[in-house]
Amino acid sequence: MATLRPAWRTADPPPRSGASLLLLLLLPDAASPTWGELAAPAPGLSPALLLPRVDTVDCDGLDLRVFRDNITRAAQHSPCSNNQLQELPYNELSRLSGLRTLNLHNNLISSEGLPDEAFESLTQLQHLCVAHNKLSVAPQFLPRSLRVADLAANQVMEIFPLTFGEKPALRSVYLHNNQLSNAGLPPDAFRGSEAIATLSLSNNRLSYLPPNLPPSLERLHLQNNLISKVPRGALSRQTQLRELYLQHNQLTDSGLDATTFSKLHSLEYLDLSHNQLTTVPAGLPRTLAILHLGRNRIRQVEAARLHGARGLRYLLLQHNQLGSSGLPAGALRPLRGLHTLHLYGNGLDRVPPALPRRLRALVLPHNHVAALGARDLVATPGLTELNLAYNRLASARVHHRAFRRLRALRSLDLAGNQLTRLPMGLPTGLRTLQLQRNQLRMLEPEPLAGLDQLRELSLAHNRLRVGDIGPGTWHELQALQVRHRLVSHTVPRAPPSPCLPCHVPNILVSW
């Protein structure tokens, strides 16, 4: 899953991906115009017809070592990024009382070069960027008019009550990639700033979730810290919070309780991956759509822990320790609307039983699944994507009716198994079939009969020779593109054979 941010910022927390909901994270904040919006030409106008804005003084990339003293008092926007500035003289800034945006990104400004009163006279300033500088403490005072403040990628160890406090219009605060500990974040850091929607504190040194965060928050980034605990009540007022990023921390089961997330009545995205959890957290809200629990130590999924999260659509459990008994029948029964289940690398020895009926994507690569029975997939007739790559499937243990109920299946990945022939009974609506890195020794027409929608068939790194392809194999595959070589690098290349009708239209075969 990028976050809502000014266009000048470059060190954003990493996004998460995969779901349509995450597109929200790529949209600009409607309440906070970006730097690009402030300077962008109107649609349809030729650049040759545009005149410089009289209210903008552009000092970007001029290798300045001293803040310019000839900036007009009428200036409202002053981009001064990518220079060598080490200080901001108060007497120069005090003249520019009409400034609305000030971009000082990527300079050499230290806290010693930034007087406490530096921004005191900028009573109309709305957007301030001092990211990628050398600040060790935040400015003690920022203007009350501020809407966006970006101090990311400095060395900030301390902020003050009036750095971000008492700013009724403040919408976005970016403090990621600094050295903030809980001691450097005062309890009243955001008092009087009741409009903050985005707060980024990722890549710092926080050991617990800070209390007294703004109740107006919609996005909270706390990933890549040292957080081992969320104090009771720390998230009790954030009823508008939609996205919470806590990945890459040190959270354990004892650091959370049943009330930790229960008051987050708007929460849609929760990332707890790369922690030390052994169970699914309790008290998950009904609004939650995406839950990322990958790379923890989860050994058991209990239905009781999921009852509150009935609206969950995407459950990501890759790289845990579920094994053969960690996902018992009925464990996911409360999740009736579940769309995607990701179980990569969990040591599973079979397809989990009694999965939600509406499941659309089942992702099970790099497990120990050795067999597919006739009824293993009957509970999920709506699957459109099934990934069983890099398991231990052998042809003799894949039942010929294993796929019979999957009429909606469009993508089937069986790469990296031990198959010696194509599975029988493949769904006729299949469009992508991945079979590379198996032990295929022959291709026969019968398993491919009726697959007239198949567009991609991957057969690389098998044991096929041209003579192993039976007559009529490609007859109905009018839309097929074989994108990879049929012949493994371990088998000498054979000359073309009459049994491979390369003249058939719309079929591309690569050798």
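Before anything else, a quick definition: the patches I'll mention are made of residues with over 30% relative accessible area and no salt bridge, and like charges are joined within 9 Å. Keep in mind, too, that what you see above is a predicted model.

With that in hand, let's look at the arginines. Arg286, Arg310, Arg313, Arg336, Arg358 and Arg360 form a positive surface patch. Take Arg310 as our example. You'll find Arg310 in the loop between strand E10 (290-292) and strand E11 (314-316). Why can Arg310 pass the accessibility cut-off? Because its relative accessible area is 35%, and the cut-off asks for over 30%.

While we're in that loop, have a look at Arg295, which also sits between E10 and E11. Arg295 has a phi near 55°, and that is a positive value in a residue other than glycine. Arg295 is partly exposed, at 41% relative accessibility. Now move along to His319, in the loop between E11 and strand E12 (340-342). His319 also has a positive phi, near 55°, and again this is a residue other than glycine. With a relative accessible area of 27%, His319 is partly exposed.

Next up, salt bridges. How many salt bridges does the count come to? The count is seven. Let me walk you through some of them.

One joins Arg95 and Glu92, with the closest N and O atoms 3.5 Å apart. Is Glu92 buried or exposed? Glu92 counts as buried, because its relative accessibility is 14% and the limit for buried is under 20%.

Another pairs Asp257 with Arg232, and here the closest N and O atoms are 3.2 Å apart. This pair links distant parts of the chain: Asp257 is in the loop between strand E8 (243-245) and strand E9 (269-271), Arg232 is in the loop between strand E7 (219-221) and E8, and the two are 25 residues apart. Asp257 is partly exposed at 25% relative accessibility, whereas Arg232 is exposed at 64%.

Then there's Glu268 with Arg242, whose side chains meet in a salt bridge at 4.0 Å, N to O. This pair links distant parts of the chain as well, with Glu268 in the loop between E8 and E9, Arg242 in the loop between E7 and E8, and 26 residues separating them. Glu268 is partly exposed, with a relative accessible area of 25%, while Arg242 is buried at 19%. Both belong to one network, in which salt bridges that share partners join Glu218, Arg219, Arg242, Glu243 and Glu268.

Now for the cysteines. A disulfide is a covalent bond between the sulfur atoms of two cysteines. How many disulfides does the count come to? The count here is zero.

One last stop, at Pro89. Pro89 lies in the loop between strand E1 (77-79) and helix H2 (90-93), and counts as partly exposed at 22% relative accessibility. Pro89 and Leu114 are 25 residues apart in sequence and 7.5 Å apart in space, C-alpha to C-alpha. Do find that pair in the structure above.

How values were computed: Residues numbered from 1 in each chain as written. Predicted model: local features only at pLDDT ≥ 70, side-chain atom pairs only at ≥ 80, totals over all residues. Heavy atoms only, no water. Patch = residues over 30% accessible without salt bridge, like charges linked within 9 Å, V, L, I, M, F, W, Y side chains within 5 Å. Areas by Shrake-Rupley, 256 points an atom, 1.4 Å probe, with all protein chains shown as cover. Lys, Arg positive; Asp, Glu negative; His and termini not counted. Charge placed at Lys NZ, Arg CZ, Asp CG, Glu CD. Helix = DSSP H or I, 4+ residues; strand = E, 2+ residues; numbered from the N terminus. Buried < 20%, exposed > 50% of the residue type's maximum accessible area, 1.4 Å probe, protein only. Disulfide = S-S within 2.5 Å.
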